[in-house]
Amino acid sequence: MRSLLWLAVAGLAAAEDGLAAWLRYARVPSASCNHDRLPSSVVVLNATEGSPVFTAGKELVDGISGLFGKNLTVGASNSTVTVGTVSAFLDKNPTKSVPELIEDGFHLSVSKGNVLILGHNERGALYGTFHYLSVLAQGNVSDYTLTSNPDAPVRWVNHWDNMQDGGTHGSVERGYGGDSIFFWDGVIRPDLTRAGQYARLLASIGINAAVVNNVNANASILTPENMDGLARIANVFRPYGIQLGLSLNFAAPQLLGGLDTFDPLDAKVATWWQGITDNLYKRIPDMAGYLVKANSEGQPGPMTYNRTLADGANLFAKTLQKHGGIILFRAFVYDHRSLNQTLDWKADRANAAGDYFRGLDDKFEDNVVIQIKYGPIDFQVREPVSPLFSHLRKTGATIELQVTQEYLGQQAHVVYQAPMWKEILDFDMRVDSQETRVRDIVSGKRFKRKLGGYAGVVNVGTNTTWLGSHLAMANLYAYGKLAWDPKETSVGLLREWTTLTFGFDQKVNAAIEKIQMESWPAYENYTGNLGIQTLTDILLGHYGPNPASQDGNPWGQWTRADSDTLGMDRTVKNGTGFAGQYPPEIAKMYEEVETTPDNLLLWFHHVPYTQKLKSGKTVIQHFYDAHYAGSSLVQKWVPLWESLKGRLDDERYEHILFRLVYQAGHALVWRDSINTFYFNKSSIPDELGRVGNHKYRIEAEDMKLEGYKSYLVSPFEAASKFHCVVTETNSTVGTASTTLQVETGKYDLAVNYYDMALGNSTWSLFLDDGLVGKWKGDLEYELGRAPSPYIDGHTASRITFKSVSVKKGSTLKIVGQPDGLEPAPIDYVSILPEGIID
């Protein structure tokens, strides 16, 4: 215990770069006035240095010092915080009673400066400690008693980190916050400081395990050198109670082991995997277990040898049983080589999980948990709940959620996902006509299963904000808290996170709450609505708009859009039959247009553009209106945030402002791209005359061009009038000029251009030879979203110069300096009356 004495320090560093996230321990208002409501000393029961209980003692000393400026002494006093396990407490106090706790649960009693924090195990004691400090950090020093048990035993995070940088997906697949904190150049990083800091964040929200490598696993993770490195990661995790999990390549016996097969029923394959597992547990005795992706998107698996998915999962389960480990086996199984929407009207990737797992429910070992994505396709902005949750009654299930925003703006767009997750978790599947909430299926309660829970794909990186965006961290916080208690509210969790992250300024907190709570509906509106999917570019980076790519692709993310109709017919009577995979009450609802919720209409039905919704609008008019409404809403966030200048630190203020300005511009790109595409597809005009009519715009190709030339953009809808201008060569400076016919006055000048990942062009905007502004095409370094080498909806960007004095007859000129292979592309200029968005 004496080693705890050094912990009475001044708290965390003052720099607000996001590294501390919600564990800032920043000084609360009127801190010194509350010293008499706080403990004066700390007692840690049976702590071994490096254990979670020892860590809890450290956090208490650091936290109370940082939050209140009060330094705790070690040992009992008149006001003491005692932390430990229930067993350690009852050993010293055999006559006391403690409420019933399950694994990882905690009991917390706060009374007049005396605090008792007890965990069912050491990890539970640490969870209770973080909860107590979180309450204090929100300014609450009142007395209370709380007993809290986790809703589900599996509360894991997944990371799609690659062993080395490069290739298609870089250091972290679908990661937008920098390089891997675990791996570099094929091995585990020598410095794992960030991994330890990350484990602290995870423990503070109730996470108990982390899979550190990509589900598209590299077999070399299992070399002796890398096993030793994994043990080092486990060592920095262990003080925070985080167990290490590992993704496996199904073909590793052949790729790494030199065998001529990876057939799961081959005895020598089973022996090889047992040896690998035993060697891992020699190094990492508390390893949580494995995660396996098999027979999906080209990955090897048991079906390579005509074996079942159960045969594959059980291969690993048996190797883990003597060690107490579990296997999460992904239900994300489909064969993209066999999907063809042109040849087969009934072809449907959504059917795959139900089809492949049919008849296997009673075939899995007890330590197998099926990891099911929340929807049948792939983390779209809206999907129905996967029907597979209702099929597995004897096998444990986890719900796979995606904290990283692969299809939801890649942290360059604010999208707070907790409201979406709550809709999914609260959905009643009506199994056997009884209440069957998804949250009660994955917890194990509904079907009385011991194993189940949550798997969140997080993909943090070396950026100090972890995810690449300060506001995106609300999703990680909410994920952990919902995995512990799915009955929490999304707004309640947001308020907690905002106070812990940004402090007590009510104007700041109200603005953040407004932006975050509006973000998912806004994003759905300006990307893809009515269940059509996100309409992003499925063939490239899953980021910018490209609705045409949603058909004719081999990945099964289809909309079946033609000149008269759109949407997937997934009915039993006429379509792919997917609706029939649900329990009867839900299947009946989705089978008919009249009973299907409008927000999933195009997921389940193929209808005319003129189909009337329950609102009375047609499908196509709803598209037009929703895309205008969503993009209009995010424009308001920029002035709202600007009103906060001086009310929070400059670093975070500027970082968030930059991204909100970018999002406001890119939302307009989305709006115009989707509306233009479907107008051209359907030939049905917008009733309000907005689509295709932009009176404030001057198309770059219509300006006087010197060194620039017109270029037909593909996809066509990614440019305002299908064209942009590019420099004639990569060494030619381009000039686009025009005479302005607006009335003299002040205007906002907006330029839409393309920032490709092929160079760093520069543009300069002039009025009558006076420089208005200059900017550089370097967003690929600033935003973290998937880069694109093309002139398309990914790279389309916007910059606005506000309140510029313009005279009628002035000459506006843009000078573009290409760089590398980027030809300084320009789409259009808007001359906007102040406050107007075109």
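This dialogue explains how to read several features of a predicted model.

User: How are the strands of a sheet held to one another, and which order do they take in the open sheet of 5 strands?

Analyst: Strands of a sheet pair through backbone hydrogen bonds, either parallel or antiparallel. In this model, the open sheet of 5 strands runs in the order β20-β23-β28-β25-β26, and its pairing is antiparallel. At the edges stand β20 (704–706) and β26 (770–776), each of which pairs on one side only. On average, neighbouring strands of this sheet are turned by 15° against each other, direction ignored.

User: Over how many bridges do β20 and β23 pair?

Analyst: β20 and β23 (residues 734–739) are joined in the antiparallel sense over 3 bridges. Within this pair, Lys 704 has Ser 737 of β23 as its bridge partner.

User: What does the length of helix α3 show, and how many of its residues are buried?

Analyst: Helix α3 (residues 122–137) spans 23 Å from its first C-alpha to its last, close to the 22 Å expected for its 16 residues at 1.5 Å a residue. The helix is mostly covered, with 14 of its 16 residues buried. Just after α3 comes Gly 139, which has a positive phi of about 85°.

User: Which residue other than glycine has a positive phi of about 50°?

Analyst: That residue is Gln 410. Gln 410 belongs to the loop between β15 (396–402) and α11 (418–426), and it is buried, with a relative accessible area of 0%. A second case is Asp 432, whose positive phi is near 55°; Asp 432 sits in the loop between α11 and α12 (438–442).

User: Where is Pro 715 found, and is its peptide bond from Ser 714 cis or trans?

Analyst: Pro 715 lies in the loop between β21 (708–712) and β22 (723–727). The bond from Ser 714 to Pro 715 is cis, with omega near 5°.

User: Which element gives the most to the lining of the second largest cavity?

Analyst: With 5 residues, α20 gives the most to that lining. The second largest cavity holds about 80 Å³ of space, and its lining comprises 6 nonpolar, 4 polar and 4 charged residues.

Notes
Residues are numbered from 1 along each chain as its sequence is written. This is a predicted model: local features need pLDDT of at least 70, side-chain atom pairs count only at pLDDT 80 or more; totals for chains, interfaces and linings use all residues. Side-chain values use heavy atoms; hydrogens and water are left out. Helices (H or I, at least four residues) and strands (E, at least two) are DSSP runs, numbered from the N terminus. Buried means under 20% relative accessible area, exposed over 50%, partly exposed in between (1.4 Å probe, protein chains only). Two strands pair if DSSP finds at least two bridges between them. Axes are lines fitted to C-alpha atoms, for helices over the stretch in contact, and angles run from 0 to 180 degrees between N-to-C directions. The expected span of a helix is 1.5 Å times one less than its number of residues. On a 1 Å grid over the protein atoms alone, a cavity is a set of points where a 1.4 Å probe fits but cannot get out, and a pocket is an open set with protein on both sides within 12 Å along at least five of seven lines; lining residues have an atom within 4 Å of a point. Grid points are joined across faces, edges and corners, and a volume is the space filled by probe spheres set on the points. Ala, Val, Leu, Ile, Met, Phe, Trp, Tyr, Cys and Pro count as nonpolar, Asp, Glu, Lys and Arg as charged, and the others, Gly among them, as polar.
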